[in-house]
Amino acid sequence: MDNRDNRIGVGLALSSSAFIGLSFIVKKKGLIRSRASGSSAGDGGFAYLREWLWWVGLLTMVAGEAANFIAYAFAPAILVTPLGALSVIISAVLASWLLKERLLLLGKLGCAMCIVGSTVIVLNAPEEKEVSSVSEITDQMFDNAPFLGYAVCVILLSLYLIFIVAPKHGKRNIFVNITICSVVGSLSVIGVKGLGIALKLTLQGSNQLGNASTWGFVAMVAVCIMTQMNYLNKALDTFNTALVTPIYYVLFTTCTILASALLFRGWTQQAAADDDNCPAGSSAPALITCLCGFLTICGGVFLLHKSREDAAELTRTRDDDLVELINQRAVSDSMQTHAPFEQDEHAL
C-alpha cells in the first residue's frame, strides 16, 4: 500500500473525527430544543424525533462513521483507530463554544496531548502490503499462527466473561463489560478492514461480491458490532460516562493495535522492504515511537475526561452554594421581618 493510500486514509479518519465530534454537539442542541416541546430523552420521551436539528446530528454521525469505514480500506488500522481520539477533542472544544460547557486547563492540556500523540502515530505508522483480492486477507488470517491464537483467546475470553463473569460481576466491576466490548471490537475492526478492501476492489473493477470471504466478513462484522454495542450500552447504563469512555478507548485501541500488528505485520514488512538500506531491527524505533504516541493519546483522553468531570463538579458546587446563599438570605429576611413584632410584644 503506497503513501497516497495512507494519505487518503488519514484524511478520511480526520474527517470522520470531525463529523462525529460535531454530531455530538448538534444532537445535544437538538435535545435541548426538544425539551421545550415535550418530555426529555432522559425521562423516556421521544420529542427529540420531531426536532430537525437532532436529525442533522444523526446524519452527521452517519457520515462520520461512513468515512471511518472507508478509511480502513486505505490505511492500516494501527493508524486509523487511534485518530478516533480527535473526535473527543472536537466535541470538547465545540461544547465549550456552543454549549457553554467549561473546558478547564487540564482539559486543554489533554487536547494538546491527543494532538501530539496523533501526529506521532501518523508520521511513524507502517505501510501495509497491497492486496489484489479478499481471499489474500483470509489466507493471511488462517496461515498466521499468532493471529489465530489471538482470535481463539478473544473468543474463549468473551464467552467466559459473557456467560460466567458478567451475570455475577458485570454491575459491580467496570472492566467486565468494557473488556468484552474491547476484545470483540478488535475483531470487528479486522472484519471492517476486510469488508472495506472488498468494496474498494469491487469499485476498482475487481468484483469481490461473489467471493465467499466477503460475506464471511459481513457476518463477522455484524456479530461483533452487535455484541460490542450491547455490552457498551450496559457499561454506560451502569457506570459514569467519564470513566467508561477513556477506559474503553484505551482497551479497545490497545486490542485493535495488537490484532492488526499480529495479522498484517506492518513493521516487519516495512523492515523487510527497507532491508537494503537499513540494518536489521530498524523497525523497532518506529514501533516504539508509535507506542509512545498512543500512550500520549491515552493520557490526553484521561485528562480531558477528568477535566469534564471536574467542571461538572465545580458547576454543581457553585449551584449548591448559590441555593444555600439564597436560603440563608431568605431566613435572614424572615428574621428581620419578625423582629419588630417580637419587640412590640416585649414592650407590652
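Q: Why is Glu65 called partly exposed?
A: Buried means under 20% relative accessible area, exposed means over 50%, and partly exposed lies in between, with a 1.4 Å probe and protein chains only. Glu65 has a relative accessible area of 41%, so Glu65 is partly exposed. Glu65 is found in helix H2 (residues 52-74). The C-alpha atoms of Glu65 and Ser16 are 6.3 Å apart in space, while the two residues are 49 apart in sequence.

Q: What kind of model is this, and how are its residues numbered?
A: This is a predicted model in which local features need pLDDT of at least 70 and side-chain atom pairs count only at pLDDT 80 or more, while totals for chains, interfaces and linings use all residues. Residues are numbered from 1 along each chain as its sequence is written, and side-chain values use heavy atoms, with hydrogens and water left out.

Q: What makes a stretch of this chain a helix?
A: Helices are DSSP runs (H or I) of at least four residues, strands are runs (E) of at least two, and both are numbered from the N terminus. By this count the protein chain has 12 helices and 0 strands.

Q: Why is Met226 called exposed?
A: Met226 has 59% relative accessibility, and therefore counts as exposed. Met226 is found in helix H9 (residues 212-238). Its C-alpha atom is separated by 9.8 Å from that of Gly185, 41 residues away along the chain.

Q: What makes the pair of Ser182 and Phe252 a polar contact?
A: A polar contact is a pair of N or O atoms within 3.5 Å; within protein, one must be able to donate a hydrogen and the other to accept it, and residues adjacent in sequence count only if both atoms are side-chain atoms. A polar atom of the Ser182 side chain lies 3.4 Å from the backbone nitrogen of Phe252.

Q: How do you know that Asp5 forms a salt bridge with Lys200?
A: A salt bridge is a side-chain nitrogen of Lys or Arg within 4 Å of a carboxyl oxygen of Asp or Glu. For Asp5 and Lys200 the closest N and O atoms are 3.4 Å apart. The pair links distant parts of the chain, with Asp5 in helix H1 (residues 3-34) and Lys200 in helix H8 (residues 174-203), 195 residues apart. Both Asp5 and Lys200 are buried. The structure holds 1 salt bridge.

Q: What is meant by the bend of H7 at Leu161?
A: The bend at a residue is the angle between axes fitted to the seven residues ending there and the seven starting there. At Leu161 this angle is about 40 degrees. Leu161 is also one of the buried residues of H7, among them Phe147 and Tyr150.

Q: Why is Leu159 called partly exposed?
A: Leu159 has a relative accessible area of 41%, so Leu159 is partly exposed. Leu159 is found in helix H7 (residues 145-169).
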